Amino acid sequence: MEYFNDLADFSVAEITELLALACKLDEKPEPRALEGKVLALLFLSPSLRTLVSFQSAMIRMGGGTFVVSPNMSIHGLESRSGIVMDGVAAEHIREAVPVIASYGDAIGIRAFARRENLNDDLSDYAFRELTSLVDTPYINMESAINHPCQSLADWKTMDDLGIPGSNGKFVLSWSWHPQPLPLAVPAATVHMAAMRGMDVTVLRPEGFSLPEVIMDKARNAAAMSGGSVTETDDRSRAMQDARVIYVNSWASERHYGNKSAEEEYKLELREWCVDEPWFENAASDCRFMHCLPVRRGVTVADRILDGPRSVVIAEARNRILVQMAVLHQMLSG
Amino acid sequence: MEYFNDLADFSVAEITELLALACKLDEKPEPRALEGKVLALLFLSPSLRTLVSFQSAMIRMGGGTFVVSPNMSIHGLESRSGIVMDGVAAEHIREAVPVIASYGDAIGIRAFARRENLNDDLSDYAFRELTSLVDTPYINMESAINHPCQSLADWKTMDDLGIPGSNGKFVLSWSWHPQPLPLAVPAATVHMAAMRGMDVTVLRPEGFSLPEVIMDKARNAAAMSGGSVTETDDRSRAMQDARVIYVNSWASERHYGNKSAEEEYKLELREWCVDEPWFENAASDCRFMHCLPVRRGVTVADRILDGPRSVVIAEARNRILVQMAVLHQMLSG
Amino acid sequence: MEYFNDLADFSVAEITELLALACKLDEKPEPRALEGKVLALLFLSPSLRTLVSFQSAMIRMGGGTFVVSPNMSIHGLESRSGIVMDGVAAEHIREAVPVIASYGDAIGIRAFARRENLNDDLSDYAFRELTSLVDTPYINMESAINHPCQSLADWKTMDDLGIPGSNGKFVLSWSWHPQPLPLAVPAATVHMAAMRGMDVTVLRPEGFSLPEVIMDKARNAAAMSGGSVTETDDRSRAMQDARVIYVNSWASERHYGNKSAEEEYKLELREWCVDEPWFENAASDCRFMHCLPVRRGVTVADRILDGPRSVVIAEARNRILVQMAVLHQMLSG
């Protein structure tokens with residue numbers, strides 16, 4: 001595997017194979033599979049789960065990692081072209097990134113959306129610029145518009161729970177959050193559920209439609225898999241017979257890059273906090289999914305997170321397993 | 001071993017077995033004993049020795065570690081119950097801690113005393129709350145009221161030096177320090193020395209008695225082992241025939257949680273800085289022990305630290321050896 | 001190998017053997033050569049490449065590392081003698097450094113020049129003080145006056161490129177930089193090129209002569225190897241037939257420790273930014289070398305860094321290979 005950037009680069013059969021490998025490595029560890037192998041981890045954005053699950057994944061297979069974040073370089077990294085570097089930044093990504101990559105057998109890169117210009121973020125411009133500097137295999141650890149490790153873990157979590165692909169209803173719901181969050185998780189999630197063959201409903205208030213390019217990609221995946229993708233602001237209709245509600249917050253397309261306008265716009269939307277009444281007409285065992293971190297009492301009520309619907313810990317634990325599978329395919333043998 | 005939280009959970013025979021294993025691993029390394037095994041390290045309080053000795057211990061046996069500290073989560077971790085998380089904290093320990101633990105085969109946790117309410121700290125409330133969220137084996141890397149890794153290393157250090165258990169006189173002395181320090185080390189130390197069968201004297205100025213629950217626990221251990229535990233503010237009487245003076249500072253029970261009151265109270269106590277005259281009527285080879293870090297010229301004179309009485313480097317080196325033994329029992333086979 | 005502090009401690013034959021081992025480990029990895037071995041990494045100054053290349057090097061050979069930096073100790077490390085530590089620093093290097101070293105099989109130490117007193121820095125006083133506290137093998141990861149890992153990587157880079165030792169012309173050129181930088185890299189570089197038997201010219205503006213003790217050491221190495229060492233401010237003469245220009249900036253000997261005086265003095269020197277016209281009468285394939293990080297548009301023009309003359313990425317990649325060779329000689333078998 002040369003890169004792991006987007007589930008859309010794989011067939012459903014290839015995903016199934018990765019997930020089978022993840023299960024196999026969970027049941028029967030291979031503590032020498034990657035002995036002497038090194039995964040470079042470049043975090044241009046903060047991380048908790050992603051960082052430590054990759055660190056642990058490599059150790060479990062006999063290899064290891066090193067971590068680079070911008071504050072480790074003297075005064076940070078410059079990324080602009082043609083610049084005279086007489087300010088604080090003492091190093092340019094054009095030197096730093098190829099060097100860091102050359103110290104690993106593969107590199108994982110995280111670079112969140114800048115949330116200034118929607119089209120820049122939708123094109124994944126910053127992430128592509130970084131990977132263009134690298135000639136080792138790479139892994140997307142969350143870019144402006146994708147988070148394939150999270151989506152693969154979520155797919156496995158639904159498999160583990162016996163939630164069916166075809167005819168399984170999947171609701172991706174927006175929730176209130178004090179910040180305008182990136183589109184990476186909702187974009188990856190709607191595509192993943194559609195690719196899995198599910199009937200996907202995006203539930204969001206007006207002004208929070210997912211950008212058309214994201215919806216189109218998901219619809220294409222649904223067309224291939226026999227699933228479907230719709231969008232609504234009608235909670236009751238959305239939740240009807242749902243097997244899963246996957247909750248996330250994301251920035252408004254309408255006010256993208258304008259934090260104060262979005263803040264004012266969503267003042268009335270604090271009721272978008274998931275609680276038991278949401279599940280009234282859902283399947284009785286409808287699950288609550290979330291990629292974490294999650295704000296209790298803001299995004300979701302304590303009784304949901306602490307109750308039987310929540311599978312957030314299982315999702316997080318599956319992160320390490322699917323990442324072991326990706327690393328095994330990328331680096332072993 | 002399901003957890004390593006308190007020497008009181010073990011018999012003297014079990015401690016002896018752990019110490020024998022530590023010596024064996026020092027003489028005959030087992031670089032594959034823990035291959036593919038991962039120790040999660042959760043530091044809610046700062047660390048130098050504990051952090052790097054656990055990191056090194058796992059590598060020496062073929063495994064590895066990852067480290068989590070609160071500043072790695074976006075804006076820190078919330079721990080209060082029933083809270084609406086619309087402030088800075090973006091994640092709650094109820095999600096973070098089980099996830100972190102699930103990425104390791106065991107977890108080490110450090111959470112210092114909050115030093116606000118004495119009874120909360122004596123009950124080890126915060127640490128118990130954390131371990132209740134974990135279903136892997138865990139290690140206490142210093143809680144409000146315990147530091148079993150330090151005590152096990154100190155026990156081994158005295159064994160290495162031939163300092164006897166029965167009939168060995170052990171002085172635990174308070175020293176001056178600019179801060180009101182936690183009770184963890186003195187509480188663990190007085191218990192350890194009593195469990196080892198030593199005649200323990202706690203030497204401290206008035207107002208710095210160790211809380212009764214700590215003294216009672218040590219007296220119970222002494223009753224089982226044939227040792228004894230007394231308390232005094234008479235330095236000369238305390239040091240008579242002492243084989244070891246173990247120095248530490250701790251917050252005043254009388255002014256617990258009131259930093260400025262303690263500061264004023266201890267203005268006159270700066271002479272509680274260990275120097276050669278303290279040893280006048282001690283055993284001629286009486287040793288100076290301290291868990292480090294130690295403030296030169298404040299807690300102890302340079303000539304003691306740099307002289308033959310000091311065994312502080314040996315104590316610190318024993319940290320890695322006893323931790324290897326604990327990890328080996330917990331994770332191998 | 002007991003220590004790796006200075007290429008001058010080795011014969012050319014020993015260097016050749018190290019470089020051959022580096023090539024061998026690149027072609028035929030030895031993922032178990034250092035299993036269970038631990039390298040302690042003590043960084044008293046910031047690092048990117050050095051840190052992660054040592055981390056990766058140890059993993060590739062089956063061992064591991066841990067990292068200590070002063071901000072990990074509560075309130076930093078004290079290094080003065082005879083001090084009463086009632087300020088912010090809670091720990092002294094006399095305890096911290098031996099303990100850290102005792103947790104590893106070897107220790108790497110970085111401590112930049114203080115740039116206050118030239119003679120202190122030239123004597124490598126601070127670094128020697130640290131290594132005197134250590135009884136494991138140690139590696140100089142850049143001290144006030146040396147950077148042997150960088151020089152060994154640079155030597156290998158020239159070997160890889162077929163740049164000859166005898167009769168190869170090597171220009172070490174000063175460049176403009178907003179800060180007064182340490183002498184470690186220029187001192188190590190001029191000695192390395194002389195030891196390799198090259199004809200070395202130090203090109204620098206008036207006021208930026210390298211201190212006599214540095215030049216003398218390089219001349220002695222040249223006398224042994226058949227090379228030569230000269231100094232000039234005449235760019236055209238210096239670059240005549242050059243095979244390599246190695247660019248660096250360093251503090252002015254004349255204004256050492258006086259930042260504002262140096263700043264004013266070098267106001268007129270911003271043209272010391274390497275660009276294509278510099279190469280007019282150099283060998284047609286004359287290479288550009290730099291240890292990184294490098295400031296684009298300040299030290300060197302983009303078209304040089306992005307063009308075929310630049311070998312900076314190759315130099316950086318060779319860091320890991322030569323360090324693997326050093327570690328292998330120091331820790332295996």
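Axes are lines fitted to C-alpha atoms, for helices over the stretch in contact, and angles run from 0 to 180 degrees between N-to-C directions. The model treated here is predicted, so that local features need pLDDT of at least 70 and side-chain atom pairs count only at pLDDT 80 or more, while totals for chains, interfaces and linings use all residues. Residues are numbered from 1 along each chain as its sequence is written, and chains are lettered from A and ligands numbered from 1 in the order in which they are written.

**Exercise 1.** Describe how helices H1 and H6 of chain B cross.

*Solution.* Begin with the elements themselves, where helices (H or I, at least four residues) and strands (E, at least two) are DSSP runs, numbered from the N terminus. In chain B, H1 covers residues 12-27 and H6 covers residues 148-160, and their axes come within 11 Å and cross at roughly 75°. Angles under 35 degrees count as roughly parallel, over 145 as roughly antiparallel, 65 to 115 as roughly perpendicular and the rest as oblique; H1(B) and H6(B) are therefore roughly perpendicular to each other.

Next come the contacts, two residues being in contact if their C-beta atoms, placed from the backbone, lie within 7 Å. From H1(B), Ile15(B), Leu18(B), Leu19(B) and Ala22(B) meet Leu152(B), Trp155(B), Lys156(B) and Asp159(B) of H6(B). Sorted by class (Ala, Val, Leu, Ile, Met, Phe, Trp, Tyr, Cys and Pro nonpolar; Asp, Glu, Lys and Arg charged; the others, Gly among them, polar), the contact of H1(B) with H6(B) has six nonpolar, no polar and two charged residues.

**Exercise 2.** Work out what relation superposes chain A on chain C.

*Solution.* Copies are superposed by least squares on the C-alpha atoms of residues with pLDDT of at least 70 in both. A rotation of 120° with 0.0 Å of shift along its axis brings chain A onto chain C, with an RMSD of 0.0 Å. That is the relation of a three-fold axis. The copies use different surfaces, since 4% of the contact residues of chain A recur in chain C.

**Exercise 3.** Describe how the two domains of chain A meet.

*Solution.* The domain assignment, whose bounds come from an automatic or database source, gives domain 1 (3-146 + 319-331) and domain 2 (162-310) of chain A. Taken over C-alpha atoms, the centres of these domains are separated by 26 Å. The contact takes 17 residues from domain 1 and 19 residues from domain 2, and the largest share of the domain 1 side, three residues, comes from helix H4 (residues 118-122) of chain A.
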